[in-house]
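This briefing covers the ligand site, a surface patch and the salt bridges of one model. Please read it alongside the sequence and coordinates.

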Amino acid sequence: MAKQEDLFKNVVSHAKEYGFIFPSSEIYDGLSAVYDYAQNGVELKKNIREYWWKSMVQMHENIVGLDAAILMHPTTWKASGHVDAFNDPLIDNKDSKKRYRADVLIEDYAEKLNIKAQKEIEKAKSRFGDAFNEQEFITTNPRVVEYLSKKNEILARMAKSLDAGDLDDVKLLIEELELACPDSGSRNWTEVRQFNLMFGTKLGASADTAMDLYLRPETAQGIFVNFLNVQKTGRMKIPFGIAQTGKAFRNEIVARQFIFRMREFEQMEMQFFVKPGEEMKWYHYWKETRLKWHNSLGLGAENYRFHDHEKLAHYANAAADIEFNFPFGFKELEGIHSRTDFDLKAHEQFSGKKLQYFDTEENKNYVPYVVETSVGLDRMFLAVFSKSLQEETLEDGSTRTVLRLPSVLAPTKAAVLPLVKKDGLPEIAKEIMEELKWDFNVAYDEKDAVGRRYRRQDALGTPFCITVDHQTVEDKTVTIRHRDTMLQERVAITDLKNIIEKEVSVRNWLMKM
Ligand code: ATP
């Protein structure tokens with residue numbers, strides 16, 4: 001555990017030291033759970049967004065984009081259920097004064113039982129070797145059966161109490177499980193209360209005519225209210241999707257995991273409109289497709305898993321998360337939800353306008369069903385960044401820090417380095433940079449010994465370093481050094497573009513899906 005914590009601390013400090021992420025308004029001591037993306041972070045974030053957009057929108061003829069406003073008519077949030085139901089159950093510890101989400105405390109405990117069961121399974125696997133029958137073991141080993149059934153029982157009871165709004169029972173469950181404050185070990189809890197996560201604001205100048213608004217807590221509703229506009233003007237035929245990336249705001253109760261849980265964050269969402277009755281087919285399709293997209297980045301299939309929801313949101317008839325192995329364990333990265341016709345029907349009811357599709361094959365109108373994929377851009381950033389940050393011991397015993405970002409996402413694709421600051425080498429290096437910058441984000445660096453410059457680019461995740469030396473003057477060749485292998489080869493300047501392109505092109509990466 002201590003090791004995991006160290007890893008996470010390294011991630012946070014590396015992100016700051018190398019210009020990826022700064023705390024917001026740091027000169028005023030920052031603002032809790034709000035962060036700014038710095039010169040390298042903004043490039044990495046943009047590349048993740050574009051990688052998503054390319055695969056989601058531009059590679060699908062039946063999916064189009066949208067950029068709806070953050071501010072929306074306030075009735076939107078009544079219709080969507082956010083005014084009444086977008087609440088988290090919170091609980092305070094009276095001794096430590098720390099605030100927690102009651103459901104998260106319980107889920108963390110259930111996950112511990114799961115980990116215990118998995119450990120027993122692993123032990124048995126290595127003991128019995130090939131003869132091991134995992135399914136049989138899970139259903140017959142008394143310890144594993146006990147751990148897993150207790151876990152399921154706890155989650156089911158929590159889901160039932162939350163659904164029924166029975167917060168007293170949630171508190172009772174916390175007491176029965178003897179859950180203690182992770183910070184202080186105290187079991188002196190307040191009651192469980194509901195807390196609405198939307199940020200309010202006002203539109204208009206004078207106090208009496210001002211209108212109460214909310215900052216959107218999700219981008220999805222901007223898509224639903226535009227459903228018919230897009231369908232008609234784009235002559236879209238079901239099934240079709242509308243995709244959007246943009247800021248969302250949630251007044252999170254517990255926000256202490258860096259950019260994992262922020263109060264202002266960015267979502268990349270796609271709402272897929274389907275014929276009623278076909279939603280399960282599409283739900284499974286999008287679950288698999290989204291996992292393939294994640295895997296195309298090569299961070300390791302073992303770092304992803306599905307978590308099917310027991311407790312469904314008020315709008316859903318099926319829901320799953322894609323969880324990622326963050327430095328603090330497996331947590332939600334993306335949600336895939338079958339949202340039924342809940343949202344469109346609710347907007348019909350609250351607006352009095354029809355939001356229906358005329359199906360020419362069936363010759364009838366209906367309200368489509370919706371399957372949503374929703375991934376947090378900042379969580380994607382954290383997933384990619386934390387898995388890529390590695391300390392390596394080299395053959396000579398020294399260590400290097402390398403950010404092995406998928407090169408398609410790397411902020412800078414190549415750094416051009418003159419070996420020395422004289423003999424015409426900087427001029428050639430700058431010429432190379434001028435040429436490459438039409439196609440790639442490239443950097444120029446002439447400060448310090450070349451070995452140190454390589455290390456700096458490794459820490460920034462730059463896939464290539466191009467070094468201009470005295471031979472370059474004679475034969476127009478340079479050395480190109482690969483970040484991951486540190487191998488260097490001598491190549492013609494005219495070949496550089498192709499070499500880089502092959503390694504970083506979105507096409508080559510998405511082809512792996
Ligand atoms: P969680 O259970 O972690 O609060 P959620 O289930 O409320 O997340 P959704 O409403 O499904 O999340 O939002 C879709 C995605 O948006 C999430 O999978 C996550 O990647 C991202 N997301 C949600 N809340 C935050 C946040 N506070 N900070 C950063 N990303 C977030």
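Which atom of the ligand lies 3.4 Å from a backbone N or O atom of Phe-260? It is a nitrogen atom of the ligand. The model is predicted, so local features need pLDDT of at least 70 and side-chain atom pairs count only at pLDDT 80 or more, while totals for chains, interfaces and linings use all residues. Residues are numbered from 1 along each chain as its sequence is written, and side-chain values use heavy atoms, with hydrogens and water left out.

**Ligand contacts**

- An N or O atom in the side chain of Arg-261 is 2.7 Å from an oxygen atom of the ligand.
- The side chain of Arg-379 also places an N or O atom by a ligand oxygen, at 3.0 Å.
- The protein buries 87% of the 590 Å² that the ligand exposes when taken alone (accessible areas come from the Shrake-Rupley method with a 1.4 Å probe; for residues, only the protein chains shown count as cover).

**Shell around the ligand**

- The ligand is surrounded by 16 residues, the closest being Glu-252, Arg-261, Met-262, Glu-332 and Leu-333 (a residue is near a molecule if one of its heavy atoms lies within 4 Å of it).
- Two or more residues of the shell come from each of β10 (264-274), β13 (329-340) and β16 (369-376), and β13 gives the largest share, five residues.
- Helices (H or I, at least four residues) and strands (E, at least two) are DSSP runs, numbered from the N terminus.
- By class, the shell holds seven charged, five polar and four nonpolar residues (Ala, Val, Leu, Ile, Met, Phe, Trp, Tyr, Cys and Pro count as nonpolar, Asp, Glu, Lys and Arg as charged, and the others, Gly among them, as polar).

**Surface patch**

- Leu-71, Leu-203 and Met-211 make a nonpolar surface patch of about 240 Å² (patch residues have over 30% relative accessible area and no salt bridge, and nonpolar side chains, meaning Val, Leu, Ile, Met, Phe, Trp and Tyr, are joined within 5 Å).
- Met-211 lies in strand β8 (residues 211-214) and, at 32% relative accessibility, counts as partly exposed.
- Buried means under 20% relative accessible area, exposed over 50%, and partly exposed in between (1.4 Å probe, protein chains only).

**Salt bridges**

- The count of salt bridges is 40 (a side-chain nitrogen of Lys or Arg within 4 Å of a carboxyl oxygen of Asp or Glu).
- Glu-176 and Arg-157 form one of them, with their closest N and O atoms 2.8 Å apart; Glu-176 is in helix α8 (residues 167-176) and Arg-157 in helix α7 (residues 142-163), 19 residues apart.
- Glu-176 is partly exposed at 48%, and Arg-157 is partly exposed at 25%.
- Glu-362 and Lys-364 meet through their side chains at 3.6 Å, N to O; Glu-362 is partly exposed at 36%, as is Lys-364 at 43%.
- Arg-400 pairs with Asp-458, the closest N and O atoms being 2.8 Å apart; this links strand β18 (residues 399-403) with helix α15 (residues 450-460), the two residues being 58 apart.
- Arg-400 counts as buried at 1% relative accessibility, and Asp-458 is buried at 0%.
- A network of salt bridges links Glu-392, Arg-400, Arg-404, Asp-458, Arg-481, Arg-483 and Asp-484.

Terms used:
A polar contact is a pair of N or O atoms within 3.5 Å; within protein, one must be able to donate a hydrogen and the other to accept it, and residues adjacent in sequence count only if both atoms are side-chain atoms. Patches are made of residues with over 30% relative accessible area and no salt bridge: like charges are joined within 9 Å, nonpolar side chains (Val, Leu, Ile, Met, Phe, Trp, Tyr) within 5 Å.
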